Structure formats: C-alpha cells, structure tokens
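Thank you for making time this morning.

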Amino acid sequence: MHENKIIDIALEETEEKTNIEDMIINLENIVKKMGESGISLDESLNLYTNGVKLAQNCLDKINDAKQIIEQHKIVD
C-alpha cells in the first residue's frame, strides 16, 4: 500500500478516536514523511493538508479539555 494511503487511513481513524496521543503520533509521522527527500509536490500538499487537519483536531481536543477543567473550577 502506498505510504500516503496509510497516512490518509490513519487520519480518518484518528478523526474517530478521542486519544490525543495517537493523533500527535500520526502528526509526527506526517512531519517525518514531509522531511524526506524525493516526495512529489502533490504528496507534500496531501501530507500538509492532513497535518493541518490533525493539528486542528488536537487543538479542538485541548480546548475541550480546558473547558471541562474550567467548568470544574467553577463548581468547586
């Protein structure tokens, strides 16, 4: 299977998961792949797009966690 397809599948799976650690690992894998020489412009753009989506998903999870913490502070 082509490596970009593996990353695409990983992105789809992480969008369904709530585990931020897995999302960060997948984001790190994208960054490593983008750092390799010999990848095409199309492949680079695809990796970049998937990385941006993963980064946004991570930020969303962090913001959700912040809201939960703030809500608990108000209740306490």
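Among the elements of the protein chain, helix α1, which covers residues 3-16, has the lowest mean pLDDT, at 55, whereas α2 has the highest, at 92; pLDDT is the predictor's confidence in each residue, on a scale from 0 to 100. Over the protein chain, the mean pLDDT is 81, and 74% of the residues reach 70 or more. This is a predicted model, and local features need pLDDT of at least 70, side-chain atom pairs count only at pLDDT 80 or more, while totals for chains, interfaces and linings use all residues. Residues are numbered from 1 along each chain as its sequence is written, and side-chain values use heavy atoms, with hydrogens and water left out.

Let me turn to the overall layout. The protein chain has three helices and zero strands, and along the sequence it follows the pattern α-α-α; here helices (H or I, at least four residues) and strands (E, at least two) are DSSP runs, numbered from the N terminus. Of the 76 residues in the protein chain, 24% count as buried, where buried means under 20% relative accessible area, exposed means over 50%, and partly exposed lies in between, with a 1.4 Å probe and protein chains only. The accessible surface of the protein chain comes to about 5700 Å², and 56% of that belongs to carbon and sulfur atoms; these areas come from the Shrake-Rupley method with a 1.4 Å probe, and for residues only the protein chains shown count as cover.

Next, the inside. Which residues make up the largest nonpolar core? There are seven of them, namely Ile-20, Met-23, Ile-30, Ile-39, Leu-47, Leu-54 and Cys-58, and the elements that give two or more residues to this core are α2 and α3. By a nonpolar core I mean a set of buried Ala, Val, Leu, Ile, Met, Phe, Trp, Tyr and Cys residues joined through side-chain atoms within 4.5 Å.

Ile-20, one of those core residues, lies in helix α2, and, leaving aside neighbours within four places in sequence, Ile-20 is in contact with Cys-58, Lys-61 and Ile-62, contact meaning heavy atoms within 4.5 Å. Ile-20 and Asp-60 are 40 residues apart in sequence, yet their C-alpha atoms are 9.9 Å apart in space. Ile-24, also found in helix α2, is partly exposed, with a relative accessible area of 38%, and Ile-24 and Leu-54 are 30 residues apart in sequence and 7.8 Å apart from C-alpha to C-alpha. Lys-53, in helix α3, is partly exposed at 40% relative accessible area, and its C-alpha is 9.4 Å from that of Leu-27, a residue 26 places away in sequence. For the protein chain, among contacts between residues at least 6 apart in sequence, 66% join residues at least 24 apart.

Now to the charged side chains. How many salt bridges does a search of the whole structure find? The search finds two, a salt bridge being a side-chain nitrogen of Lys or Arg within 4 Å of a carboxyl oxygen of Asp or Glu. In one of them, Lys-33 pairs with Glu-36, with the closest N and O atoms 3.3 Å apart; Lys-33 counts as buried at 9% relative accessibility, whereas Glu-36 is partly exposed at 40%. Lys-33 also meets Glu-43 in a salt bridge, at 3.6 Å from N to O. Glu-43 lies in helix α3 and Lys-33 in helix α2 (residues 20-35), so this pair ties together parts that are ten residues apart in sequence. Because its relative accessibility is 12%, Glu-43 counts as buried. Through shared partners, the salt bridges join Lys-33, Glu-36 and Glu-43 into one network.

Finally, the surface. Met-34, Tyr-48 and Val-52 make a nonpolar surface patch of about 290 Å²; patches are made of residues with over 30% relative accessible area and no salt bridge, like charges being joined within 9 Å and nonpolar side chains (Val, Leu, Ile, Met, Phe, Trp, Tyr) within 5 Å.
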